[in-house]
Amino acid sequence: MTSLYDEVQAAPAAGVEVRRITVNVNGTDRTVDVEPRLLLAHLLRQALQLTGTHSGCDTSGCGACTVLMDGRPVKSCTVLAVQANGREVETVEGLATASELHPIQEGFKEEHGLQCGFCTPGMMLSAKALLERNPDPTEDEVRWALSGNLCRCTGYQNIVKSVLWAAKKMREQNQEA
Amino acid sequence: MYPSRFSYDAPTSVEEVIAILDQNGGEAKVLAGGQSLIPMLKLRFASPARVVDINGIPGLEYHRVDPDGTLRIGALCRHEDLEFSKILGNFPTLSQASSLVADPIVRTRGTFVGSLCHADPQGDWSATMIALGGKIIAQGPNGRREIKARDFVLGPFVNALAFNEVAVEAIVPPAKGKALGGYLKLERRVGDFATASVAVALDVDGDIVTRAGCALAGVGGRTIDANDAISVLVGKSLNSESIKEAAEAVAAAAEPRTDHRGSSSYKRHIVETFVTRILSNIANSEQKAA
Ligand SMILES: Cc1cc2nc3c(=O)[nH]c(=O)nc-3n(C[C@H](O)[C@H](O)[C@H](O)COP(=O)(O)OP(=O)(O)OC[C@H]3O[C@@H](n4cnc5c(N)ncnc54)[C@H](O)[C@@H]3O)c2cc1C
Ligand code: FES
Ligand code: FES
């Protein structure tokens with residue numbers, strides 16, 4: 001059990017309120033004791049060691065920390081960990097299987113959708129939420145859905161292409177199935 | 001960055017929320033979408049002793065139109081519920097604003113009612129509600145009361161709720177006649193707050209304006225209530241003369257200040273341009289429809 005901000009302090013303060021929460025992260029239930037003020041981003045990155053979720057601005061502005069909570073994209077730096085209690089959280093680590101990349105990841109590889117890669121996990125999860133609602137988006141719809149995710153490298157062009165590539169591949173897979 | 005310590009409650013009824021607020025005498029804060037409160041906690045602009053999370057209260061996610069045309073928006077209706085709504089046809093001011101509030105990720109969490117409570121002078125929804133003549137339903141230990149949107153926003157980040165009241169619903173009355181309107185916002189990039197924005201809502205009978213509402217965001221120390229200014233339209237039809245008169249009156253009601261988003265005169269000019277544009281668009285599309 002980890003109680004995060006207690007680690008940050010020299011010693012856990014007496015009488016600090018701690019909550020036991022269970023969050024389903026990428027398909028597995030994880031039970032952790034947290035202080036109510038712990039942010040979901042810190043739960044993932046520090047307590048659960050899932051560092052694929054990036055912390056960019058830490059001020060709710062960049063979207064790098066985006067994860068899916070019950071299927072919808074949220075900025076994990078702007079959600080309390082306790083609010084994820086009993087919910088499903090999906091991070092970039094949940095996309096690929098042991099042997100196969102997710103089509104969205106493949107798309108980013110095929111279309112060169114990243115340079116430094118810092119924004120990529122957030123981009124992919126926003127893209128996943130979009131494609132679940134709208135399997136055949138237009139370029140404008142992709143740009144709109146990703147407009148809360150900032151990228152300082154690519155100029156967005158290839159990110160949009162990557163998502164359109166993934167959309168096509170996912171539609172083809174669905175037809176075969 | 002992390003907030004200072006607070007106690008956390010996640011009650012499952014409005015009555016419990018009110019009881020907790022009441023017992024804590026102003027030291028407790030309601031947490032709705034958290035898209036303004038959590039950033040404030042992190043920056044330690046707010047450090048309440050208790051945070052009362054209302055997300056676990058069932059039955060507050062709705063927005064619906066009553067048979068008489070009244071729109072009701074529950075306290076947990078998210079920005080994106082309105083963006084993707086299919087029932088806002090009679091509320092063009094709201095539907096046009098819905099995709100301009102913050103960015104798509106913030107819109108999955110942030111709530112309409114929370115945004116009104118936050119009373120940000122740059123908030124989009126407060127401007128639409130003042131223009132539409134909307135109301136907020138507050139519930140406290142002594143029951144419910146209605147507060148007009150124009151009386152709800154008292155100042156920057158100050159609303160009319162008592163410490164032991166929670167806003168449970170927002171209400172937009174039905175138009176008398178045909179509802180027309182629009183929302184235009186100038187932002188530096190997606191997700192930015194308004195440099196200047198204009199909400200207009202008109203009730204029209206034939207081609208005569210019977211009620212005119214207008215409010216502005218980003219151009220004053222609080223949401224600017226420009227209802228009196230735009231009332232010059234009442235009893236008239238929309239033509240280049242009446243549009244010019246209204247745009248000038250509304251621009252005069254703005255109280256913009258020079259800052260990193262632009263100079264005061266620039267922002268006033270934007271307001272005048274946006275009022276003209278919204279009203280001209282309405283006039284043009286009505287002409288086409290006729
Ligand atoms: C990156 C970013 C960009 C943004 N851009 C914009 C923008 O362009 N335009 C805009 O309008 N907003 C913008 N916002 C703010 C956003 O719209 C918030 O969602 C909104 O201001 C607050 O709603 P909330 O549900 O998140 O409220 P919270 O953050 O949960 O609460 C805000 C305040 O209201 C109180 N409160 C909330 N609900 C209730 C209730 N039912 N009863 C009593 N008190 C209540 C809380 O106690 C708190 O003081 C932005 C936010 C971010 C992070
Ligand atoms: S780190 Fe969360 S939005 Fe930037
Ligand atoms: S690839 Fe570097 S920030 Fe997007």
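Trainee: Why is the pair of Glu35(A) and Arg5(B) called a salt bridge?

Mentor: The closest N and O atoms of Glu35(A) and Arg5(B) are 2.8 Å apart, and the term asks for a side-chain nitrogen of Lys or Arg within 4 Å of a carboxyl oxygen of Asp or Glu, so the pair qualifies. This is a predicted model, in which local features need pLDDT of at least 70 and side-chain atom pairs count only at pLDDT 80 or more, while totals for chains, interfaces and linings use all residues. Residues are numbered from 1 along each chain as its sequence is written, chains are lettered from A and ligands numbered from 1 in the order in which they are written, and side-chain values use heavy atoms, with hydrogens and water left out.

Trainee: How many salt bridges are there between chain B and chain A, and how many over all chains?

Mentor: Between chain B and chain A the count is 5 salt bridges, and over all chains it comes to 32. One salt bridge within chain B joins the side chains of Asp228(B) and Arg150(B) at 3.9 Å, N to O. That pair links distant parts of the chain, since Asp228(B) belongs to helix α9 (residues 227-230) and Arg150(B) to helix α8 (residues 149-152), 78 residues apart.

Trainee: What makes up the contact between the two chains, and how much area do they bury?

Mentor: With contact taken as heavy atoms within 4.5 Å, chain B gives 30 residues and chain A gives 36. The two chains bury about 2800 Å² between them, 55% of it on carbon and sulfur atoms, where buried area is the accessible area (1.4 Å probe) lost on putting two parts together, summed over both. Of the area that chain B buries against chain A, Arg5(B), Tyr8(B) and Ile105(B) supply 27%, more than any other three residues.

Trainee: Which element gives the largest share of the side of chain B that touches chain A?

Mentor: There are 14 residue pairs in polar contact between the chains, both residues at pLDDT 80 or more. On the side of chain B that touches chain A, the elements giving two or more residues are β1 (7-9), α2 (37-42), α3 (79-83) and α5 (104-109), and α5(B) has the largest share, with 6 residues.

Trainee: What makes the site around ligand 1 a shared one?

Mentor: Residues from chains A and B surround ligand 1, so the site is shared between chains. The shell has 32 residues, of which Val30(B), Ser36(B), Leu37(B), Thr111(B) and Asp124(B) come nearest; a residue is near when one of its heavy atoms lies within 4 Å. Among the elements of chain B, α6(B) gives the most to this shell, with 5 residues.

Trainee: How do you know that Asp124(B) makes a polar contact with ligand 1?

Mentor: A polar side-chain atom of Asp124(B) lies 2.6 Å from a nitrogen atom of the ligand, and a polar contact is a pair of N or O atoms within 3.5 Å (within protein, one must be able to donate a hydrogen and the other to accept it, and residues adjacent in sequence count only if both atoms are side-chain atoms), so the distance meets the limit. In Lys185(B), a polar side-chain atom lies 2.7 Å from an oxygen atom of ligand 1, and a polar backbone atom of Ala167(B) is 2.9 Å from a nitrogen atom of ligand 1. Taken alone, ligand 1 exposes 970 Å², and the protein buries 94% of that.

Note on methods: Accessible areas come from the Shrake-Rupley method with a 1.4 Å probe; for residues, only the protein chains shown count as cover. Helices (H or I, at least four residues) and strands (E, at least two) are DSSP runs, numbered from the N terminus.
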